[in-house]
Number of protein chains: 2
Amino acid sequence: MKKISSAVVKRLPRYYRYLDELMENNVERISSGELSRMMNVTASQIRQDLNNFGGFGQQGYGYNVKHLHDEIGKILGLESEYRIVVVGAGNLGQALANYPNFVRRGYHIIALFDKNPEIIGKKINECEVLDVVHLVDYIESKKVDIVALTLPKEQATLVAKDLAKSSVRAIWNFAHTDLDLPDNIIVENVHLSESLMRITYKLSELED
Amino acid sequence: MKKISSAVVKRLPRYYRYLDELMENNVERISSGELSRMMNVTASQIRQDLNNFGGFGQQGYGYNVKHLHDEIGKILGLESEYRIVVVGAGNLGQALANYPNFVRRGYHIIALFDKNPEIIGKKINECEVLDVVHLVDYIESKKVDIVALTLPKEQATLVAKDLAKSSVRAIWNFAHTDLDLPDNIIVENVHLSESLMRITYKLSELED
């Protein structure tokens, strides 16, 4: 597969989201100008980025939405199916298990784990909540690809120690801490407090 | 206040998080070398970044943790108090209302809003769930600073139209769409699907 620059890769999920919406609305072709207005990005940036994927017709004829959508989806690994478990079946874990668009993209949340006996055994959106003591065995037997951690930081740090020795390939970390993991495990952090600090930074800047 | 470069500002929430942990553990001083090992950033990067804030003692004596923590907190606007409401009292909205560290940082979630009569009137972590038809009036009378949108995209788009005409200053958007808002409203997006796509991109890259 042709190598795409990392700056372009960073923008791909957003292109994918817009192309997905266009497909939902049965739009078959779109010009870089129209896409530029929708996405609030310059048309020349769009042309440069999307040139990587070919598949656009003659000048003035616009992009084939489905072709671009599928090509970008391939780059983003969305042609594969992924087995995901969520550790921490609180509100945030349940929100992930209930997320409506995941299955469509090939993201299958197959179980949740928790240590609270009151929630173990319950079902959330058809996923059973299992005892976290069985997490590593489950990862190995079910070939889990991604573990989402929706736990307080102290517990996430403990669970990460077990995960470091498991065959899991990626961790989606929502805990308010950086995890200590081997380099071969992919980690994507979602630090909500940091996101909120970016807002308050901008608000306080306005007041200066 | 001295102008800090935007590259440094981007890194500040992470410094703040580490300094916060050091304070929790009663650490009073730390060298750039120790901080470098903890944060997995070069010591020279740390020295360059933190030079912006002064307040570090003599060579070899290390940084004063509390001083740095408080200076960075000021830049991030954490000396002020913020009134936040959450629109969408589902799992994700409830997760935000239950987030333990928010109050300590000056983030006060003062109400949730929903359109579902079964949840309106309930209390989540002492916050009442109100009818979303009263959202704009509430924003004006309570001087709400930040609105978090934890709604499906179609509903978020509708609510954003009302917010565009209100006095709210910032929107923390969790809906899977970009909102059309005037430039004077700060928008911070948390697009969870895009975060997951960054994982699957890296996973599929490994397989190439």
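What follows is a short tour of a pocket and a cavity.

This is a predicted model, where local features need pLDDT of at least 70, side-chain atom pairs count only at pLDDT 80 or more, and totals for chains, interfaces and linings use all residues. Residues are numbered from 1 along each chain as its sequence is written, chains are lettered from A in the order in which they are written, and side-chain values use heavy atoms, without hydrogens and water.

On a 1 Å grid over the protein atoms alone, a cavity is a set of points where a 1.4 Å probe fits but cannot get out, while a pocket is an open set with protein on both sides within 12 Å along at least five of seven lines; lining residues have an atom within 4 Å of a point. A volume is the space filled by probe spheres set on the points, which are joined across faces, edges and corners.

Among the 44 residues lining the largest pocket, Lys10(A), Glu188(A), Arg198(A), Lys10(B) and Arg198(B) lie nearest its centre. Helix α1(A) gives the largest share of this lining, 8 residues; helices (H or I, at least four residues) are DSSP runs numbered from the N terminus.

There is 1 cavity of 30 Å³ or more. Residues lining the largest cavity include Lys153(A) and His176(A) as well as Arg17(B) and Asp20(B), and α1(B) supplies the largest share, 4 residues.

Technical notes. Helices (H or I, at least four residues) and strands (E, at least two) are DSSP runs, numbered from the N terminus.
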